[in-house]
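Colleague: Could you take me through the helices of this chain?

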Amino acid sequence: GALPAPVTIVEVRTVGSTLGADSIRAGSFATGIGACMVLCFMLIYYKSAGVVSCVALITNILLVMSLLAAAGATLTLPGIAGIALTVGMAVDCNIIIYERIREELRLGKNARAAVDSGFGSAITAVLDANITTFIAGVVLYTYGTGPIKGFSVTLMIGILTTLFTGIFVSRVMMDFLSRKANKPLSI
């Protein structure tokens with residue numbers, strides 16, 4: 001039977017409809033501030049290659065938003081978290097590549113050869129990091145519900161766009177910067 005246990009109401013809270021909108025606004029603001037800080041860091045630390053990284057990162061975010069809009073997805077707080085993680089993954093991709101290019105420049109290679117070798121040697125590390133994260137996104141989507149699925153969809157789209165912008169867009173722009181082999185590369 002039932003136990004005679006008294007219920008004492010200690011606190012009553014009401015959740016209004018604006019709580020979700022406030023959370024989305026705060027999440028968007030935090031993601032924007034974080035992205036701006038990352039862009040500033042890349043510009044300061046990597047100089048002209050940082051400009052390439054910033055263009056690739058902005059292109060990446062625009063592609064994610066475009067693909068989400070094309071899919072008719074609603075941007076939720078977990079989706080914003082997925083975009084924030086995408087920014088981190090995209091910057092990681094560029095940092096891996098740029099550090100390999102710096103290593104090649106330290107070995108005495110000219111700018112053109114350093115960019116070719118840097119991208120060539122970094123591709124496996126970039127693919128490894130992004131493929132394993134994509135697999136984690138698939139698992140989250142498969143076994144998750146609601147917000148977890150929203151996060152994983154945004155994350156997986158972000159990883160695909162990161163690979164495109166990090167490997168292709170960055171490479172095209174770095175090839176343009178290093179088109180003359182004897183011209184020094186600002187990285």
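Predicted model: local features only at pLDDT ≥ 70, side-chain atom pairs only at ≥ 80, totals over all residues.

Modeller: Residues are numbered from 1 along each chain as its sequence is written, and side-chain values use heavy atoms, with hydrogens and water left out.

Colleague: Which element has the highest mean pLDDT?

Modeller: pLDDT is the predictor's confidence in each residue, from 0 to 100. The chain averages 89, and 95% of the residues score at least 70. Helices here are DSSP runs (H or I, at least four residues), numbered from the N terminus. Helix H1 (residues 18-70) has the lowest mean, 89, and the highest, 94, belongs to helix H3 (residues 111-143).

Colleague: At which residue does H4 bend?

Modeller: Helix H4 (residues 147-177) has 31 residues and reaches 42 Å between its first and last C-alpha, close to the 45 Å expected. The expected span is 1.5 Å times one less than the number of residues. A bend is the angle between axes fitted to the seven residues ending at a residue and the seven starting there. In H4 that angle is about 30 degrees, at Thr-165.

Colleague: How are H2 and H4 oriented to each other, parallel or antiparallel?

Modeller: Axes are lines fitted to C-alpha atoms, for helices over the stretch in contact, with angles from 0 to 180 degrees between N-to-C directions. The axes of helix H2 (residues 77-106) and H4 come within 8 Å and cross at roughly 30 degrees. Angles under 35 degrees count as roughly parallel, over 145 as roughly antiparallel, 65 to 115 as roughly perpendicular and the rest as oblique. H2 and H4 are therefore roughly parallel.

Colleague: How many charged residues are in the contact of H3 with H4?

Modeller: H3 and H4 pack at about 170 degrees with axes 9 Å apart, which makes H3 roughly antiparallel to H4. Ala, Val, Leu, Ile, Met, Phe, Trp, Tyr, Cys and Pro count as nonpolar, Asp, Glu, Lys and Arg as charged, and the others, Gly among them, as polar. The contact has 19 nonpolar and seven polar residues, and the charged ones number five.

Terms used: Helix = DSSP H or I, 4+ residues; strand = E, 2+ residues; numbered from the N terminus.
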